[in-house]
Amino acid sequence: MTTQLNVTGMSCGHCEKAVTNALKGVPGVQDVRVDLQGGTATVQGEADPQALIAAVAEEGYGAQVRG
């Protein structure tokens, strides 16, 4: 399963890494690709989308599922 998120608030490589690490810590995540320029994250695995959003929010960024 692939979940795509729009991520707001990222402005640098550190932000990108923080979001990547937060998403990798969510149970069920197999792979994460964060695009700083596009403001998106693509998550592979069976993770709950709300858990992904919560993990990003804990790092201080906004996220919503791309629909």
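**Close-up views of a predicted model**

**View 1. The exposed side of helix α2.** On one side of α2, Gln 50 and Glu 58 are exposed. Keep in mind, here and in the views below, that this is a predicted model.

**View 2. The buried face of helix α2.** Turn now to the other residues of interest in this helix, which spans residues 49-58. Leu 52, Ile 53, Ala 55 and Val 56 are buried. Looking down the axis of α2, we find these buried residues within an arc of 160°, so they line one face of the helix. The cover over them includes the helix α1 (13-24) and the strands β1 (2-8), β2 (29-35), β3 (40-45) and β4 (62-65).

**View 3. Thr 20 and its contacts.** Thr 20 sits in helix α1. With a relative accessible area of 15%, Thr 20 falls under the 20% cut-off and therefore counts as buried. Leaving aside residues up to four places away in sequence, Thr 20 touches Val 32 and Val 34.

**View 4. The salt bridge of Asp 31 and Arg 33.** Side chains of opposite charge can pair when their charged atoms come close. Here the side chains of Asp 31 and Arg 33 meet in a salt bridge, at 3.6 Å from N to O. The count for the model comes to 1 salt bridge. As for the two partners, Asp 31 is partly exposed, with a relative accessible area of 28%, while Arg 33 is exposed, with a value of 58%.

Conventions:
Residues are numbered from 1 along each chain as its sequence is written. This is a predicted model: local features need pLDDT of at least 70, side-chain atom pairs count only at pLDDT 80 or more; totals for chains, interfaces and linings use all residues. Side-chain values use heavy atoms; hydrogens and water are left out. Buried means under 20% relative accessible area, exposed over 50%, partly exposed in between (1.4 Å probe, protein chains only). Helices (H or I, at least four residues) and strands (E, at least two) are DSSP runs, numbered from the N terminus. The arc is that of the directions from the helix axis to the C-beta atoms. Contact means heavy atoms within 4.5 Å. A salt bridge is a side-chain nitrogen of Lys or Arg within 4 Å of a carboxyl oxygen of Asp or Glu.
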